[in-house]
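I opened a notebook for this structure and wrote down each thing as I looked it up. The entries follow in that order.

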Amino acid sequence: MKAIILRAFLTDYKIDMTASTPPSERTRVRRIAQNADYERATLHAIIDDAYLCHLAFADARGTHCIPTACWREGDYLYVHGSNGGRLVRVLTGGAQACVTITHLDGLVLARSAFSHSMNYRSAMVYGIFERVDGEEAKRASMAAFMDKIVVGRQAQVRPGNNKEFDATTILRISLEEAACKVRAGGPTDDEEDMSVVAWAGVLPFALQRLPPVRDKQCSLPAPDNVNAWTVA
């Protein structure tokens with residue numbers, strides 16, 4: 001089902017599904033290689049369906065993996081952080097980073113315990129982050145982030161002021177060294193396990209959008225883009 005939805009998404013948005021990125025030594029999928037996907041469109045769709053990523057890096061104190069908000073512009077994944085934060089300090093120093101995103105679509109129940117699996121869409125990006133410099137570029141990126149949260153939101157709120165932008169660093173990483181791994185469908189039991197008397201199938205997962213909850217101190221009716229949250 002998710003594979004069909006993903007394909008429909010790519011078709012609806014007229015994304016070139018033929019473009020692909022040759023795997024590097026770090027991104028080549030070796031374990032269950034048939035689930036590998038190096039198409040740029042698949043990568044874009046997985047990132048665009050995410051609000052959070054996990055960003056891993058190492059410094060003198062060890063290895064860290066930090067969940068943080070993310071968004072995509074073209075062939076770059078963007079994050080932002082406080083100027084004084086460890087994440088910004090390390091990444092602006094040229095550290096190698098690894099970014100991962102995973103969407104869980106279902107639990108796959110097989111007839112054998114060791115044949116159980118999960119349906120998922122995942123992406124992994126390697127590289128070095130670069131700082132987004134220039135007032136105009138920074139403001140444009142943060143506007144894109146706001147509109148990723150809710151389309152049209154940037155025009156409805158107070159934009160960031162100079163003090164807020166001065167305290168914030170926006171970083172981006174190229175999607176050039178990246179790979180996806182996708183699984184969909186039912187269980188794949190071994191032939192000798194097909195006679196086992198046990199229920200087999202998929203327990204699907206889906207991200208559910210719930211109705212907006214208005215702040216107690218807000219008297220305004222929800223605008224159209226907020227009401228559209230549950231039907232998007």
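Is aspartate 48 buried, partly exposed or exposed? I found aspartate 48 partly exposed, with a relative accessible area of 29%. The scale I used calls a residue buried under 20% relative accessible area, exposed over 50% and partly exposed in between, with a 1.4 Å probe and protein chains only.

Note on the source. The model is predicted, so I kept in mind that local features need pLDDT of at least 70 and side-chain atom pairs count only at pLDDT 80 or more, while totals for chains, interfaces and linings use all residues. Residues are numbered from 1 along each chain as its sequence is written, and side-chain values use heavy atoms, with hydrogens and water left out.

**Entry: helix H2**

I looked at helix H2, which spans residues 40-48. Helices (H or I, at least four residues) and strands (E, at least two) are DSSP runs, numbered from the N terminus. Eight of the nine residues of H2 are buried. I listed them as Arg40, Ala41, Thr42, Leu43, His44, Ala45, Ile46 and Ile47.

**Entry: salt bridges**

Side chains of opposite charge can pair when their charged atoms come close. How many salt bridges does the structure hold? I noted twelve, a salt bridge being a side-chain nitrogen of Lys or Arg within 4 Å of a carboxyl oxygen of Asp or Glu.

One of them joins arginine 72 and aspartate 48, at 2.7 Å from N to O. Arginine 72 lies in strand E4 (residues 71-73) and aspartate 48 in helix H2, so this pair ties together parts 24 residues apart in sequence. Arginine 72 is partly exposed, at a relative accessible area of 23%.

I then looked up arginine 121, which forms a salt bridge with aspartate 49; the closest N and O atoms are 3.1 Å apart. Arginine 121 sits in strand E7 and aspartate 49 in the loop between H2 and strand E2 (52-59), so the pair ties together parts that are 72 residues apart in sequence. Arginine 121 is buried at 8% relative accessible area, whereas aspartate 49 is partly exposed at 40%.

Aspartate 189 and arginine 111 also meet in a salt bridge, 2.8 Å from N to O. I placed aspartate 189 in the loop between E10 and E11 and arginine 111 in the loop between strand E6 (96-109) and E7; the pair links distant parts of the chain, 78 residues apart. Aspartate 189 is buried, with a relative accessible area of 14%, and arginine 111 is partly exposed, with 25%.

**Entry: aspartate 193**

Where is aspartate 193 found? I found aspartate 193 in the loop between strand E10 (178-183) and strand E11 (201-204). Aspartate 193 is buried yet has no salt bridge. Its nearest side chain of opposite charge, arginine 111, is 8.8 Å away; Lys and Arg count as positive and Asp and Glu as negative, with His and the chain ends not counted. Leaving aside neighbours within four places in sequence, aspartate 193 is in contact (heavy atoms within 4.5 Å) with Arg111 and Ser112.

**Entry: aromatic rings**

I searched the whole structure for aromatic pairs and found two. Rings of Phe, Tyr and Trp (its six-membered ring) pair if their centres lie within 6.5 Å; planes under 30 degrees apart count as stacked, over 60 as edge-to-face and the rest as tilted. Tryptophan 71 and tyrosine 78 have ring centres 5.7 Å apart and planes at 20°, so the pair is stacked. Both tryptophan 71 and tyrosine 78 are buried.

Tryptophan 71 and phenylalanine 145 have centres 4.6 Å apart and planes at 25°, so this pair is stacked too. Tryptophan 71 lies in strand E4 and phenylalanine 145 in helix H4 (residues 135-149), so the pair ties together parts 74 residues apart in sequence. Relative accessibility is 1% for tryptophan 71, and phenylalanine 145 is buried at 11%. I wrote down Trp71, Tyr78 and Phe145 as a cluster linked by ring pairs.

**Entry: isoleucine 32**

I looked up isoleucine 32 in the loop between helix H1 (2-12) and strand E1 (36-37). Its phi is near 55°, a positive value in a residue other than glycine. Isoleucine 32 is partly exposed, at 35% relative accessibility.
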